[in-house]
Amino acid sequence: MSPGSRIRTVLSVRTLLTLLVLVIALPLAALIAWTLLAEVNARQAVIALAGLVALVLLARWWLAKLILRPLGDLTDAARRIAAGESRVRAPVRGPTEIAAVASRFNRMLDAAEAQQHDRAALLGRYEKLLHLARDAFLLVDEAGGIAEVNEATVALYDYSAEELMSMPVWKLCETQEPSEFRAYWSASAGAGGALFESTHRRKDGAPLDIEMSVSAITIEGKPYRQCFMRDITRRKEMHAALTETLDRLQEAQHIGRIGDWNYDLASGAVTWSNELFALNGRSRSDPPRDLEDSLCVYDEVSRQGFRSTLARCAAR
């Protein structure tokens with residue numbers, strides 16, 4: 001509700017009585033005057049009538065100055081505020097009650113303006129943080145259109161901001177179709193949002209492995225999805241390289257019939273390599289329960305040596 005629609009004018013008993021006197025007294029005075037005209041000459045009647053007219057005009061002027069003009073000023077201020085002139089304030093004048101209404105109206109406008117200023121400042125800081133964020137950001141509307149991007153998104157995909165905001169979001173994905181977008185939209189509607197991984201394409205066609213954190217947001221009554229995206233291409237490449245290295249290590253151990261095991265000093269957990277299970281004739285579904293269970297495959301001298309070595313390591 002706009003400030004102008006909240007105006008309520010409340011007149012005191014004294015003001016109401018004044019108006020009532022004017023409404024009753026003036027016709028009564030006119031009636032008495034016309035009654036007296038029957039007993040006076042024409043010149044005296046004209047003078048009496050002129051005095052009565054002057055009294056009515058004076059009462060009208062006083063009423064306009066005291067009440068109607070301040071109310072008109074207040075109404076005009078409300079109209080200008082509704083039209084967007086946020087700096088307008090109502091003159092504080094007239095009867096005490098009207099002046100109080102104008103004063104409260106002005107304080108309400110000052111408070112609303114301060115709230116708008118604070119909100120604009122907060123929104124400005126939020127937008128600045130988004131545009132300077134290292135992670136890419138997309139604001140997507142219900143139809144899949146891209147409504148907002150940040151600088152990191154432009155750098156990631158090598159499209160301009162204008163190009164990005166002229167295409168549907170699924171055009172950035174390698175395999176995603178509009179139907180898949182609807183599934184993502186529904187999955188991210190909950191309070192915690194959703195986390196996805198998908199393959200995207202840069203403008204030059206280069207693939208991008210993207211991790212997307214998507215959550216629902218409402219702006220001016222319309223539903224959107226805010227998407228924070230991180231390029232995980234390098235991370236997935238490193239994971240693939242590590243997996244390949246482990247596979248090679250296991251193959252080398254199998255060829256050389258060499259096994260290894262690890263002991264976590266903090267937790268006491270013991271893990272065996274695949275080849276160590278094979279060398280000891282033990283199934284991978286039956287891992288060692290603890291250190292002593294792992295050492296049981298060695299002779300007593302070796303077990304004592306292991307215990308001494310582990311004790312020295314734990315003491316460091």
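This report describes selected features of a predicted protein model, from its overall make-up to single residues.

Residues are numbered from 1 along each chain as its sequence is written. Because the model is predicted, local features need pLDDT of at least 70 and side-chain atom pairs count only at pLDDT 80 or more, while totals for chains, interfaces and linings use all residues, and side-chain values use heavy atoms, with hydrogens and water left out.

**Overall make-up**

The protein contains 10 helices and 7 strands; helices (H or I, at least four residues) and strands (E, at least two) are DSSP runs, numbered from the N terminus. Of its 316 residues, 28% count as buried. Buried means under 20% relative accessible area, exposed means over 50%, and partly exposed lies in between (1.4 Å probe, protein chains only). Of the contacts (heavy atoms within 4.5 Å) with a separation of 6 or more, 43% are between residues 24 or more positions apart.

**The cavity**

The structure holds 1 cavity of 30 Å³ or more, and the volume of the largest cavity is about 140 Å³. A cavity is a set of points, on a 1 Å grid over the protein atoms alone, where a 1.4 Å probe fits but cannot get out, and lining residues have an atom within 4 Å of a point. Grid points are joined across faces, edges and corners, and the volume is the space filled by probe spheres set on the points.

The lining of the largest cavity consists of 14 residues, and F181, Y184, M212, V214 and C227 lie nearest its centre. Helix 6 (178-187), strand 3 (194-201), strand 4 (207-219) and strand 5 (222-231) each supply at least two residues of this lining, with helix 6 giving the most, 3 residues. The lining divides into 10 nonpolar, 3 polar and 1 charged. Here Ala, Val, Leu, Ile, Met, Phe, Trp, Tyr, Cys and Pro count as nonpolar, Asp, Glu, Lys and Arg as charged, and the others, Gly among them, as polar.

**Cysteines**

A disulfide is a pair of cysteine sulfur atoms within 2.5 Å, and by this rule the count comes to 0. C173 is in no disulfide; the nearest cysteine sulfur, that of C227, lies 9.6 Å away. C173 counts as buried because its relative accessibility is 10%, whereas C296 is partly exposed, with a relative accessible area of 45%.

**Two buried residues**

S294 lies in helix 9 (residues 291-295) and counts as buried because its relative accessibility is 1%. Leaving out residues up to four places away in sequence, S294 touches W261, V270, W272 and P288. The side chains of S294 and W272 also make a polar contact at 2.9 Å, that is, a pair of N or O atoms within 3.5 Å, of which one must be able to donate a hydrogen and the other to accept it.

I232 is placed in the loop between strand 5 and helix 7 (233-256), and its relative accessibility of 2% makes it buried. I232 and E197 are 35 residues apart in sequence and 9.0 Å apart in space, C-alpha to C-alpha.

Most residues other than glycine have a negative phi.

Definitions and conventions
On a 1 Å grid over the protein atoms alone, a cavity is a set of points where a 1.4 Å probe fits but cannot get out, and a pocket is an open set with protein on both sides within 12 Å along at least five of seven lines; lining residues have an atom within 4 Å of a point.
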